[in-house]
Amino acid sequence: MQADPGSSRPLGLNPTEIAAARTAHGWNELPEGKPVSPLAVLWRQFTGLLVLMLISAAVIALALGEVVDAIAIGAVVVLNAALGFVQEWRAERAIRSLKAMMSPQAVVIREGREQMIPARELVPGDVILLAEGDRVPADAQITAEAGLRLDEAVLTGESVPVSKPPGDAVFSGTTVTSGHAEAQVTRIGAATEFGQVAELTGTVERAETSLQRELGHLARQLGWIALAVAAVVAGMGAWRGLEALQVFMLGLSMAVAMVPEGLPAVVTVTLALGAAAMARRQALVRHLQAVETLGAASVICTDKTGTLTENAMTVRRLWTGAGDYTVTGRGYDPAGHVERDGQKRRAVDDALLARASEVALACTHARLQRDGDGWRALGDPTEAALIVLAHKAWAEPPDPDAVIAELPFTSDRKRMSVLIRGTDGNRVLTKGAPELVIDLCTRIEGPDGPLPLTLDRAENAHAAAQAMAAQGLRVIALAHRETTGHRIDEEDLTLIGLAGLIDPPRAEVGQAIAAAQAAGIRTLMITGDHPETARAIATALGLPAARVITGPEIEAMDETTLAATVTGEVAFARVSPAHKLRIIAALQAQGETVGMTGDGVNDAPALRKADIGIAMGIRGTEVAKDAADLVLLDDNYATIVGAIAEGRRQFDNTRKFVRYLLSSNAGEVVALLINTAMLAPLIFLPTQILWMNLVTDGVTAVALGLEPGEKAQMKDPPRPRSERILSLTSAPLILCFGLYTGLASLWIFETLRPAGVELARTAAFTAMVVFEKTSVFAFRSLRTPGWRLGYLSNPALLVAFAAMMALQVAAVYWAPLQTLLQTVPLRLSDWGLIAGFALPLLVLPEIWKCLRTAR
């Protein structure tokens with residue numbers, strides 16, 4: 001790289017140097033990796049064990065010439081695959097979306113000229129120019145700067161902009177909040193800090209969700225049971241001397257009866273409806289299984305900035321030699337006021353407040369902008385907060401041409417000063433770190449004017465600054481002096497006071513954390529911010545955090561020590577992406593189901609590692625959103641708690657309709673087993689079994705999945721990871737319903753056989769449908785009677801019940817369905833017989849639940 005002999009400014013690279021660097025380092029972009037095709041995502045929808053069983057059943061049915069059966073089963077497989085594909089297609093773009101974060105343009109000096117080029121064309125050695133609002137296009141080393149401050153939250157999680165002196169590094173993806181700089185590119189593309197996070201994200205495999213584990217376990221259970229029962233029944237058929245085709249049909253009928261073919265579709269449809277319900281709660285589901293997994297969460301690891309807090313710096317206190325001021329209001333909204341001694345104060349009536357407001361309004365590069373119904377800050381958040389303080393004090397805006405000179409903020413100086421033109425002479429206004437500004441002062445503003453800054457008064461000022469910092473406040477000292485010159489002399493200043501700022505907690509989050517604690521869910525703060533700030537926010541929100549652990553402390557811990565630490569009342573501060581991964585792994589190793597919130601590039605690996613990744617929709621990067629399972633549309637922790645309630649409802653309802661479907665299938669199996677053992681004609685035909693399992697049961701089960709959440713669900717502790725949707729404790733319930741409905745159908749079949757096998761089979765088939773539809777009301781809750789739930793609280797279930805009953809009537813009397821299902825019309829007496837056996841299914845479970853509740 002050449003330098004201009006007439007000035008200190010570099011000439012930049014020439015074409016030969018650029019070509020050599022391109023050959024050595026490539027382009028300034030992240031490797032995309034092999035893209036996943038839509039076909040691959042679609043193929044995944046056909047790999048589940050239950051789905052494979054359905055496909056096998058369809059192939060066997062087709063081979064046996066049962067085309068209708070094969071088409072019916074195939075339709076269910078296709079529906080399930082289509083629903084899953086639509087939800088999951090976007091899930092494969094996490095790494096590629098990192099590329100979108102790269103700045104599309106960069107200002108570079110090449111051959112002595114400033115040029116605007118695509119950021120991907122940068123090479124190591126290039127000299128780039130950075131200005132306020134720019135996104136840094138590559139890792140670089142600063143060679144010259146003026147007041148440069150950067151927002152590095154996407155990489156570090158630190159909410160306060162940092163200053164960068166010459167020699168320091170700036171990182172790709174961070175944003176310049178104020179000042180400008182010249183820097184030399186050191187690393188590009190995958191070699192940048194940004195690229196390292198991308199690589200770390202790619203090495204983290206997305207954890208299998210609890211619902212996926214549960215359905216896989218359930219599929220294996222049902223698969224083995226179905227094969228065993230089908231083999232027994234086929235063996236019985238062979239023992240009876242049936243022909244080979246009849247034996248195959250009998251085994252197929254039993255397998256179809258045993259496996260709830262509608263389960264994959266019912267689960268998918270129910271989760272999709274749950275996802276829609278979450279969207280109404282401001283939570284967008286990216287992966288269907290996330291709906292249920294969130295309901296199992298036992299620990300929520302949450303970022304602080306913007307999730308627990310408002311993501312808006314706010315002045316809370318103003319300390320002066322004349323007394324303390326308190327500041328009300330929220331965020332950057334100027335609505336609020338300044339109080340002292342319980343009285344509202346305005347700059348026009350309070351000289352001290354007027355002095356502080358003057359510094360806040362003139363010594364700044366920030367500004368406020370109306371954004372819809374609210375306000376947002378442009379520039380440094382701390383400077384914007386001071387402007388808001390001045391507005392709350394009703395201070396007069398300064399003359400825009402009053403500033404005639406400036407000494408910018410730097411990391412070495414840690415202060416900013418401006419020279420302004422006044423009616424009675426010029427004035428120097430200064431703000432900065434209290435430990436430096438106080439030492440530059442010789443006087444302090446008192447109640448009746450300036451007083452000498454004696455040793456005692458200086459110590460009081462330093463003590464006040466330390467006390468505010470210990471409360472998690474960021475402290476800014478404000479000072480001024482009169483001058484007759486046109487230079488800025490930062491000496492012999494008069495201290496006005498100390499402003500204490502904080503990003504305040506959201507008003508609704510404290511209540512949400514309390515609700516999570518009542519539900520047995522721990523909230524663990526993991527932030528890149530200062531430990532004292534983390535402690536202050538934890539205290540304000542009621543988070544138990546007796547100890548704040550920092551990143552260096554985590555690095556010093558082995559896995560055993562870290563595992564013991566995460567179980568205590570702790571919060572984490574100054575953490576890196578690697579630290580977050582270790583924290584999550586330590587929690588998961590103890591059997592916790594972990595939810596993780598995040599918004600920046602630095603959060604993406606942890607979002608993938610967690611059982612449920614939760615990204616921020618408003619301030620979140622595309623990287624975080626694509627790595628997450630759930631996106632909060634309002635960036636609010638309280639929304640997570642609402643989504644947890646929805647997730648718990650989904651799991652409860654999934655367990656209800658799984659038990660309902662299996663109890664229905666158990667009745668069919670009982671009837672077929674005894675029917676076969678009695679050497680009687682088949683009580684149900686395969687087509688009739690498919691009708692029950694795919695059509696009438698499926699619709700009713702989906703409606704059961706819409707059951708409102710029970711009041712006690714958020715008072716129960718999180719379920720253990722080992723808890724099954726189908727456990728041994730549910731076997732008696734399924735067996736009771738199965739025995740009753742199977743034996744009742746068989747009794748009706750045998751009673752009516754003298755009138756003709758077709759009539760008896762139609763009556764038994766209809767009876768089983770009626771029994772299954774009636775028993776669904778018992779499964780609305782496994783512990784609460786219907787009168788407490790409200791008989792009309794799930795109108796979808798009532799509609800489904802009526803519709804399926806009407807459909808069964810059509811199956812008995814409508815000619816096309818009679819042909820398809822091989823039914824004949826029933827008599828009124830047959831319907832009466834069926835109704836008599838159905839009544840106990842409606843009454844007895846309610847009596848049992850009432851007696852259980854009364855105990």
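Buried means under 20% relative accessible area, exposed means over 50%, and partly exposed lies in between, with a 1.4 Å probe and protein chains only. By this scale R427 is buried, at a relative accessible area of 9%. The structure is a predicted model, in which local features need pLDDT of at least 70, side-chain atom pairs count only at pLDDT 80 or more, and totals for chains, interfaces and linings use all residues. Residues are numbered from 1 along each chain as its sequence is written, and side-chain values use heavy atoms, with hydrogens and water left out.

Salt bridges were examined across the whole structure. A salt bridge is a side-chain nitrogen of Lys or Arg within 4 Å of a carboxyl oxygen of Asp or Glu. The search finds 27 of them. One of these joins the side chains of E358 and R427, with an N to O distance of 2.7 Å. The pair links distant parts of the chain, 69 residues apart. E358 sits in helix 12 (residues 351-362), and R427 sits in strand 20 (residues 425-432). Helices (H or I, at least four residues) and strands (E, at least two) are DSSP runs, numbered from the N terminus. E358 counts as partly exposed, at 25% relative accessibility. R427, by its 9%, is buried.

Strand 20 also holds K431, the partner of E383 in helix 13 (residues 381-392). E383 and K431 form a salt bridge, and their closest N and O atoms are 3.1 Å apart. These two residues are 48 residues apart and link distant parts of the chain. E383 is buried, with a relative accessible area of 7%. K431 counts as buried too, at 8% relative accessibility.

A further salt bridge is formed by R443 and D492, with the closest N and O atoms 3.0 Å apart. R443 lies in strand 21 (residues 441-446) and D492 in the loop between strand 23 (474-483) and strand 24 (493-502), so the pair ties together parts that are 49 residues apart in sequence. R443 counts as partly exposed, at 28% relative accessibility. D492 is partly exposed, at 35%. Elsewhere, R340, D341, R345 and D350 are linked in a network of salt bridges.

Backbone angles come next. D492 has a phi near 55°, a positive value in a residue other than glycine. K414 is not a glycine either, yet has a positive phi of about 55°. K414 lies in the loop between strand 18 (403-407) and strand 19 (415-422). With a relative accessible area of 37%, K414 is partly exposed.

Helix packing was then described by axes and angles. Axes are lines fitted to C-alpha atoms, for helices over the stretch in contact, and angles run from 0 to 180 degrees between N-to-C directions. Helix 23 (residues 637-677) and helix 26 (residues 757-775) have axes that come within 10 Å and cross at roughly 155°. The two helices are therefore roughly antiparallel to each other. Angles under 35 degrees count as roughly parallel, over 145 as roughly antiparallel, 65 to 115 as roughly perpendicular and the rest as oblique. Helix 23 passes helix 26 in a right-handed crossing. A crossing is left-handed if the near helix is turned anticlockwise from the far one by less than a right angle, and right-handed if clockwise.

Helix 23 also packs with helix 16 (residues 509-518), at an angle of about 30° and with the axes 8 Å apart. That makes helix 16 roughly parallel to helix 23. Their crossing is left-handed.

Two further sites concern other helices. A536 is found in helix 17 (residues 531-541). At 17% relative accessibility, A536 counts as buried. The C-alpha atoms of A536 and L473 are separated by 8.2 Å, although the two residues are 63 residues apart along the chain.

I847 is placed in helix 30 (residues 828-854). I847 is partly exposed, with a relative accessible area of 44%.
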